[in-house]
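Hi,

Here is the structure I promised to pass on.

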Amino acid sequence: MGNVENTPYASLGNALRTMRLKQKESLLEVSSAIEVTGERLALFENGELRPSEDILDLLISHYSVTDHEADKLWELAGYKKSEEPMTHQQAILLTSL
């Protein structure tokens, strides 16, 4: 495992590890809950690998973080969240395609 400071997602990994430790859960407990391997979760926490949007969403849900904390995690992961929710008209257009 690499040096956390030299990994692309070190800040995200540190935040995820801090949340897990705050919940007093092991890697195995969390990885089982979100259905990824412990090795993969360790890569996320080490900042060596970025979780997919689906996995990040599962982690956010599992840790029951606040909206502010969730926004920060999305930012640290480099994912852009839509600033404004989709309008009803936009939703209709998408479903008609």
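Is the crossing of helix 4 and helix 5 left-handed or right-handed? The crossing of these two helices is right-handed. Before the rest, one caveat: this is a predicted model.

**Overall make-up**

If you take the contacts between residues at least 6 apart in sequence, 62% of them join residues at least 24 apart.

**Helix 4 with helix 5**

Back to the pair I opened with. Helix 4 covers residues 53–63 and helix 5 covers residues 67–77; they pack at an angle of about 150°, and their axes are 11 Å apart. Angles over 145 degrees count as roughly antiparallel, which is therefore how helix 4 and helix 5 lie to each other. On the helix 4 side the contact is made by Glu53, Leu56, Asp57 and Ile60, and on the helix 5 side by Ala70, Leu73, Trp74 and Ala77. By class, this contact of helix 4 with helix 5 has six nonpolar residues, no polar ones and two charged ones.

**Helix 1 with helix 5**

Helix 5 also packs against helix 1 (residues 10–22), here at an angle of about 145° and with the axes 8 Å apart. Helix 1 brings Ser11, Leu12, Ala15, Leu16 and Met19 to the contact, while helix 5 brings Leu73, Leu76 and Ala77. Sorted by class, the contact of helix 1 with helix 5 has seven nonpolar residues, one polar and no charged.

Leu76, in helix 5, deserves a look of its own. Leaving out residues up to four places away in sequence, Leu76 touches Tyr9, Ser11, Leu12 and Ala15. The C-alpha atoms of Leu76 and Ala10 are separated by 8.9 Å, though the two residues are 66 apart along the chain. Leu76 counts as partly exposed, because its relative accessibility is 25% and buried means under 20%.

**The aromatic pair**

How many aromatic pairs does a search of the whole structure find? The search finds one. It is formed by Trp74 and Tyr79: the ring centres are 5.7 Å apart and the planes stand at 70°, so the pair is edge-to-face. The cut-off behind that label is an angle over 60 degrees. Trp74 is buried at 5% relative accessible area, and Tyr79 counts as buried too, at 14%.

**Helix 2 with helix 3, and Glu45**

The axes of helix 2 (residues 27–34) and helix 3 come within 9 Å and cross at roughly 105°. That puts helix 2 roughly perpendicular to helix 3. Leu27, Val30 and Ser31 of helix 2 meet Gly38, Leu41, Ala42 and Glu45 of helix 3. The class count for the contact of helix 2 with helix 3 is four nonpolar, two polar and one charged.

Which residues does Glu45 touch, not counting residues up to four places away in sequence? They are Gly13, Asn14, Leu16, Arg17, Arg20, Leu27 and Tyr63. Glu45 sits in helix 3, which spans residues 38–45. With a relative accessible area of 2%, Glu45 is buried.

Cheers

Methods. Residues are numbered from 1 along each chain as its sequence is written. This is a predicted model: local features need pLDDT of at least 70, side-chain atom pairs count only at pLDDT 80 or more; totals for chains, interfaces and linings use all residues. Side-chain values use heavy atoms; hydrogens and water are left out. Rings of Phe, Tyr and Trp (its six-membered ring) pair if their centres lie within 6.5 Å; planes under 30 degrees apart count as stacked, over 60 as edge-to-face and the rest as tilted. Buried means under 20% relative accessible area, exposed over 50%, partly exposed in between (1.4 Å probe, protein chains only). Axes are lines fitted to C-alpha atoms, for helices over the stretch in contact, and angles run from 0 to 180 degrees between N-to-C directions. Helices (H or I, at least four residues) and strands (E, at least two) are DSSP runs, numbered from the N terminus. Angles under 35 degrees count as roughly parallel, over 145 as roughly antiparallel, 65 to 115 as roughly perpendicular and the rest as oblique. A crossing is left-handed if the near helix is turned anticlockwise from the far one by less than a right angle, and right-handed if clockwise. Contact means heavy atoms within 4.5 Å. Ala, Val, Leu, Ile, Met, Phe, Trp, Tyr, Cys and Pro count as nonpolar, Asp, Glu, Lys and Arg as charged, and the others, Gly among them, as polar.
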